[in-house]
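Work through the exercises below with the sequence and the model open. Each task is followed by a solution in steps.

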Amino acid sequence: MNNENILLSARDLTVRFGGLIAVNGVSFDVRRGEVFTLIGPNGAGKTTLFNLISRIYDPTSGTISYCEHDLLQASPSTIASLGIARTFQNIELFEQATVLQNLLIGRHVHRQTSAWAEMLFLPSVRAAERQTRRKVEEVIDFLNLQHYRDHLVAGLSYGVRKVVELGRALCIEPQLLLLDEPSSGLNAEETGDMAFYIQDIQRDLGATILMVEHDMSLVSRVSDRVLAMNQGSVLALGTPDDVKSDARVVESYLGAAEDVTSLRRAARVGAAA
């Protein structure tokens, strides 16, 4: 494969926490413009991989390259400036700020004016403010958040908060968007809306998406490729249909009735299609 088509490449990643091996020799490539999804039971190592890419954790061994640069040399504070944005399974927003204010925070990485210019509110600062507001309003329109623009986050439903957190990540204008269980806590209608947003982000914004997700119906609907994990190791890698029919993947979900049901439902949907 042409290396120029690979945005993120992980090789032989291993993470040990004392005697526990959370990630065990995992390798994969994420291609530009695709939706690449990590699946597996709780404790499979999916979020640990996210934390490696976000630079929250350091691997015990292995490498991660991003845009052909060594991502492990980056600090957590520089990740956003590299074009990597992330949402969290447990929503991380400023609850006593409005939706607009939370989204504006996502644009902070693009500010290039000096402290003195900010204090004097020079024309360059005013121009930057207008550009920031335009970009945020584009995200508000993209995610249909117009009605909530001036609402405090604390007063919003869980589903709307999920979309707001997604919007804040989009304000960074990421090349690589990390979505940590985007459907967690959402009802069926909200999950359907999230699927549309993910597809629109991929198609209209040209972002590459790396996602952790348990809902196999959502995985099957939006993913180009899927990596299945269990106990820190890779079980299968391929299209959603290939992975969800892999015997090792089905076996790894045994004992988690909800996940097994989700797999079977996704398989039926795929067969009907």
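The model is a predicted one.

**Exercise 1. Decide whether strand β3 is enclosed or open, and check each face.**

Solution. 
1. The cut-off for buried is under 20% relative accessible area.
2. In strand β3 (residues 35-39), five of the five residues are buried, so the strand is largely enclosed by the rest of the structure.
3. On one side V35, T37 and I39 are buried; on the other, F36 and L38 are buried, so both faces are covered.

**Exercise 2. Classify the aromatic pairs by geometry and state how accessible their residues are.**

Solution. 
1. Ring centres must lie within 6.5 Å; planes under 30 degrees apart are stacked, and over 60 edge-to-face. The count is two aromatic pairs.
2. F17 and Y57 are 5.4 Å apart centre to centre, with 75 degrees between the planes, an edge-to-face pair.
3. F17 belongs to strand β1 (residues 6-17) and Y57 to the loop between α1 and β4, so this pair ties together parts 40 residues apart in sequence.
4. F17 is partly exposed at 39% relative accessibility, and Y57 is partly exposed at 29%.
5. F28 and F36 have ring centres 5.4 Å apart and planes at 20 degrees, so this pair is stacked.
6. F28 is buried at 3% relative accessible area, and F36 is buried at 0%.

**Exercise 3. Locate R55, decide whether it is buried or exposed, and list what its side chain reaches.**

Solution. 
1. R55 sits in the loop between α1 (46-53) and β4 (61-66).
2. Its relative accessible area is 6%, under the 20% cut-off, so R55 is buried.
3. The R55 side chain reaches the backbone oxygen of A74 at 3.1 Å.
4. Leaving aside residues up to four places away in sequence, R55 touches L71, L72, A74, S75, P76 and I79.

**Exercise 4. State where R221 lies relative to F196.**

Solution. 
1. R221 lies over the face of F196, at 4.6 Å from the ring centre.
2. The cut-off for this arrangement is within 6 Å of the ring centre.

Technical notes:
Residues numbered from 1 in each chain as written. Predicted model: local features only at pLDDT ≥ 70, side-chain atom pairs only at ≥ 80, totals over all residues. Heavy atoms only, no water. Helix = DSSP H or I, 4+ residues; strand = E, 2+ residues; numbered from the N terminus. Buried < 20%, exposed > 50% of the residue type's maximum accessible area, 1.4 Å probe, protein only. Polar contact = N/O pair within 3.5 Å; in protein donor to acceptor, adjacent residues only side chain to side chain. Contact = heavy atoms within 4.5 Å. Phe/Tyr/Trp six-rings, centres within 6.5 Å; stacked < 30°, edge-to-face > 60°. Lys NZ or Arg CZ within 6 Å of the ring centre and 35° of its normal.
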